[in-house]
Amino acid sequence: LVMADLLRARGGMNAFVARDAARAGAFADSLKFFADDIEVIRYPAWDCLPYDRVGPSPGAAAEQMAALSLLALNPAPKKTTVLVTTAPALLQRVPPREAVTKASYLARAGQDVNIKDLERYFAVNGYQRAATVTERGEFAIRGGVIDVFAPGAEEPVRLDLFGDSLESIRAFDPETQRSTKQLKSIDLLPVSEVLMDAESIARFRKGYVGRFGAPGDDALYAAVSEGARRAGVEHWLPLFYEKLENLFDY
């Protein structure tokens, strides 16, 4: 209640830093009760150990990138907004704002869409192919029908193509797979902090060799060189960018 009053008095962008994920979640949920007029952006920490063999879960990574994209695309919101995060998340380095801004993809009904280009976008930005789309960060392509669950979206969407033209965009329930509403446009955002385009792959290879010498039979180096993602690749984030930033920069 006190924080809600402070946020209304200050306006603009604010931040609330909790000790851990449980407290951050409790605060965000409680704030909805006292101040449903204030926009809440959640930014979680990775749910894995530093330098582990596995990276953050797809859900945590997607929620992180959704928050970073919102902050990068709208740094000075007119509506009172609070970023809810934790101390570990606040200390973590993240991709530069320019990279996140360039990684968005806006699709509007009526525009031409090249399925190959869209499939390449999914691969570069960390989307996972699935038979049925139920979780954020998943996509499926069945002929001229493309299902995708963007990180910042409440529901997945179904893109219906007629030839190369995007005929309609419909949100659907991930459990029943039934359409819930018609949309005019959808803004796709990156799922992973590692944007696997040709430039970042080349930078990774150069940085890896410069720091560690010949890769030998390193499976991760081989996978990244082929444009494939491997578990734990997020821990190598500094090699994919010329510089990293943090939430204070955003």
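How many salt bridges does the structure hold? The structure holds 13 of them. By salt bridge I mean a side-chain nitrogen of Lys or Arg within 4 Å of a carboxyl oxygen of Asp or Glu. The general idea is that side chains of opposite charge can pair when their charged atoms come close.

Before I go on, some housekeeping. This is a predicted model, where local features need pLDDT of at least 70 and side-chain atom pairs count only at pLDDT 80 or more, while totals for chains, interfaces and linings use all residues. Residues are numbered from 1 along each chain as its sequence is written, and side-chain values use heavy atoms, with hydrogens and water left out.

Okay, let's look at some of those salt bridges. Take Asp37 and Arg8, whose side chains meet at 3.3 Å, N to O. Asp37 sits in the loop between α2 (21-34) and β2 (39-43), and Arg8 sits in helix α1 (residues 2-10), so this pair ties together parts that are 29 residues apart in sequence. Those helix and strand labels are DSSP runs, numbered from the N terminus: helices are H or I with at least four residues, strands are E with at least two.

How covered are these two? Asp37 has 38% relative accessibility, so it counts as partly exposed, and Arg8 is partly exposed too, at 39%. The scale goes like this: buried is under 20% relative accessible area, exposed is over 50%, and partly exposed is in between, with a 1.4 Å probe and protein chains only.

Next, Glu199 and Arg203, with a salt bridge at 2.9 Å, N to O. Both lie in helix α7 (residues 198-212), four residues apart, about one turn of the helix. Glu199 is exposed at 55%, whereas Arg203 is partly exposed at 21%.

Now the open sheet. Six strands form it, in the order β5-β6-β7-β8-β9-β10, with mixed pairing. At the edges stand β5 (128-129) and β10 (179-183), each with a single partner strand, so one side of each is left without a neighbour in the sheet. Helix α6 (residues 115-124) packs on this sheet and touches β5, β6 (138-142), β7 and β8, and its direction makes about 20 degrees with that of β7. Contact here means heavy atoms within 4.5 Å. For the angle, axes are lines fitted to C-alpha atoms, for helices over the stretch in contact, and angles run from 0 to 180 degrees between N-to-C directions.

Let's zoom in on β7. Strand β7 (residues 145-148) is joined to strand β8 (residues 157-162) by four bridges, and the two run antiparallel. Two strands count as paired if DSSP finds at least two bridges between them. On the other partner, four bridges join β6 to β7, also antiparallel. β6 and β7 form a hairpin with two residues between them, and Gly143 in the turn has a positive phi of about 65 degrees.

Which residue's side chain meets that of Arg142 in a salt bridge? That would be Asp147, at 2.8 Å, N to O. Asp147 is buried, with a relative accessible area of 0%, whereas Arg142 is partly exposed at 42%. In β8, the bridge partner of Asp147 is Arg158.

Last stop, strand β3 (residues 81-86), where we find Thr81. Six bridges join strand β1 (residues 13-18) to β3, running parallel, and five bridges join β2 to β3, parallel as well. In β3, Tyr43 has Thr85 as its bridge partner, while Ala15 has Leu83.

Is β3 mostly covered or mostly open? Mostly covered: six of its six residues are buried. As a general point, in a regular strand the side chains alternate between the two faces of the sheet. Here Thr81, Leu83 and Thr85 are buried on one side, and Val82, Val84 and Thr86 are buried on the other. Thr81 itself is at 1% relative accessibility, which counts as buried. Leaving aside neighbours within four places in sequence, Thr81 is in contact with residues including Gly12, Asn14 and Ile41.
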